[in-house]
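Me: Please take a close look at one part of this model, a strand hairpin and what pairs with it. Keep it plain and give the cut-offs.

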Amino acid sequence: MTHATNPLLTRRRNALGTVGALTALTLSACGGGSSSTSMSSNATLSGLSVSAEGLTPAFDAAITSYDLAVANTVSSLKLVPTAAGTDASIKINGTAVVSGSSTATVALAEGTNTLSVVVTAADGSTSRTYTVRVTRATASASADASLRALTLSSGDLSPTFAAGTTGYTAAVANAVTMVTLTPTATSSAASIQINGVAVTSGSASAAISLAVGTTTLVVRVTAQDKVTTRSYTIVITRAATTVSSDASLKTLVLSAGALAPAFASGTSSYTATVANSVTSITVTPTATSAAATISVNGIAVGNGSNSGAISLAVGSNTIKIVVTAQDGGTSGATTIVVTRAAASVSTDAGLSALVLSSGSLSPSFTTATTSYTAAISNTVSSLTITPTTASSGANVTVNGSTVVSGSASSSIALAVGSNTVSIVVTAADGVTTRTYTVVATRAATGTCTLTATETQGPYPLLAILSNSAMVRSNITEGKTGVPLTVTLTVQDVSNGCTPVSGAAVYIWHCDKDGLYSGYSTGSNAGQTGLTYLRGIQVTNSSGQVTFTTIYPGWYAGRITHIHAQVYLNDNLSVTATATTQLAFPQDATTAVYNSTLYSAKGQNTSVTSFSADNVFSDGTSTEMVAISGSVASGYAASLTVNIA
């Protein structure tokens with residue numbers, strides 16, 4: 001279309017010519033002088049976050065391939081991709097996603113799941129694909145995060161390696177500037193890192209530099225389930241350039257008996273004799289050099305400090321003291337042969353413990369009490385009895401059959417009603433006897449005793465009931481202690497003691513040091529945000545749930561226990577149908593607290609009996625677990641929880 005020239009417009013253009021030229025120049029300098037705008041060809045991501053931790057490697061815009069391993073309990077996740085280029089579009093597995101926004105939940109199958117993130121630039125033709133391979137562990141994935149071997153290329157671990165021991169020291173000479181560490185996992189499916197660097201199980205790490213003084217190595221084992229972990233710490237002390245080579249003793253003292261010959265620094269072999277009543281002894285060695293280290297029977301002892309109690313068998317007992325000089329290479333060994341006298345023939349025909357495989361003794365067991373009763377559920381058709389003699393030389397029979405002290409009897413069939421079990425102890429003298437009786441009453445069909453209701457306590461942390469990650473059988477979260485398996489059977493007393501299926505069971509308890517997760521108080525500091533030793537399981541058709549945990553520790557004012565709640569129909573949003581606490585036999589608890597793992601707190605001196613406990617003082621007949629096992633192999637505890 002043609003337009004006539006406007007004189008007024010012409011004058012205005014002439015008057016503004018200079019300004020217009022400057023404006024055009026300015027626009028041109030800013031890149032705006034062109035009449036067309038080019039579209040961006042940037043098809044990279046500036047960010048990629050995942051709702052589950054562990055993306056490997058960490059996100060980098062230039063890296064397009066990633067891996068992520070998650071536990072079997074992680075059944076879905078979300079991604080948040082952010083495009084670097086303006087107006088770029090993003091698709092994840094073909095579905096469009098807004099840059100910087102979360103995807104819909106992506107379901108994960110067991111095994112490998114591949115997620116493709118395709119970024120298309122604003123120009124519509126340039127694209128880049130980022131791949132995330134998510135490996136979800138199988139349901140049967142191992143929870144074993146222990147080591148079965150751990151060796152240093154130089155120096156010796158102290159104490160000697162044991163799978164349950166997580167703290168070690170080692171001393172090396174100043175000439176040793178590097179070491180390698182070879183960890184071997186018990187489970188071939190477990191993964192291992194040393195100070196954050198992956199190491200193949202059974203293979204040596206890369207060389208690790210040692211500064212003069214201490215270097216700390218942390219071996220972290222992650223089980224196949226990607227949840228359970230355990231850390232082993234090795235503190236290696238590299239000697240200073242000028243160090244002592246003195247590995248001699250200055251003094252050596254016994255808590256009982258006398259050294260023969262009398263102690264002298266150059267003497268390396270001694271004997272000592274103690275009475276039969278002396279069942280253990282301590283040794284206090286002092287090195288001539290304050291910088292030397294000392295071990296007694298392989299266990300580190302402070303210079304001038306006494307060893308732990310060393311048990312003495314009747315007869316000869318060899319104690320070995322090793323002094324390692326400051327240089328880490330020079331050492332000297334001293335041995336003491338302690339002879340404990342034989343005992344006179346014992347007339348002790350008492351029991352020190354009596355445990356039923358089901359039900360609880362009433363009254364609680366004491367050596368002097370010889371008559372007991374026990375209420376047994378109708379569903380229990382037989383039981384075993386484990387008697388332990390007070391004297392090691394005594395013999396014991398159960399209903400006439402010989403039983404090894406501390407071991408379970410053969411199975412005893414139970415009729416409905418009263419069943420009398422006779423336990424006869426014969427002293428080492430072969431003459432003195434004592435008879436204990438247990439009247440076990442098996443309930444009639446469809447009858448059982450309601451489990452006692454107890455307080456949920458000061459640390460229930462009910463807020464986690466809505467956290468699906470808490471639905472788990474292994475609740476340790478890397479906490480160490482004597483292994484414990486807890487099996488609970490839920491029955492309905494109002495419906496003929498039938499098993500209750502589909503009920504959610506929530507348990508929680510303190511760790512070996514008496515701390516609860518999720519709270520921070522004066523006596524429970526620093527535990528906020530943690531969830532260890534808590535878990536939820538849903539009962540099967542037999543009304544059972546099983547948890548893998550550790551034997552509980554104790555805290556001032558309470559005897560050993562585990563908290564438990566039952567929620568019918570797996571409905572955790574309502575008040576619990578039943579709240580109770582599990583009690584543990586004192587003999588098992590005493591053995592656990594005597595073990596190395598629990599030595600920091602030792603025995604519970606604040607509450608020494610159930611009658612002194614503010615929860616169990618009214619009785620434990622419906623709350624006492626049946627338990628079997630040992631400190632070395634771990635324990636299995638079971639209890640039938642009868643609810644209305």
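Reply: The hairpin of β17 and β18 has six residues between its strands, and among them Lys226 takes a positive phi near 65°. Strands here are DSSP runs (E, at least two residues; helices are H or I, at least four), numbered from the N terminus. This is a predicted model, in which local features need pLDDT of at least 70 and side-chain atom pairs count only at pLDDT 80 or more, while totals for chains, interfaces and linings use all residues. Residues are numbered from 1 along each chain as its sequence is written, and side-chain values use heavy atoms, with hydrogens and water left out.

Strand β17 covers residues 213-222 and pairs with β18 in the antiparallel sense over ten bridges; two strands count as paired if DSSP finds at least two bridges between them. Within this pair, Leu217 has Ile234 of β18 as its bridge partner. Strand β18, residues 229-238, also pairs with β11, residues 167-172, this time in the parallel sense over six bridges. There, Thr237 of β18 stands opposite Ala171. Both senses of pairing work through backbone hydrogen bonds.

For comparison, an open sheet of four strands elsewhere runs in the order β40-β39-β42-β43, with antiparallel pairing. Its edges are β40 (534-538) and β43 (578-583); each has a single partner strand, so one side of each is left without a neighbour in the sheet. Inside that order, β39 (residues 504-508) and β42 (residues 561-567) pair over five bridges, and Tyr506 has Gln565 in β42 as its bridge partner.
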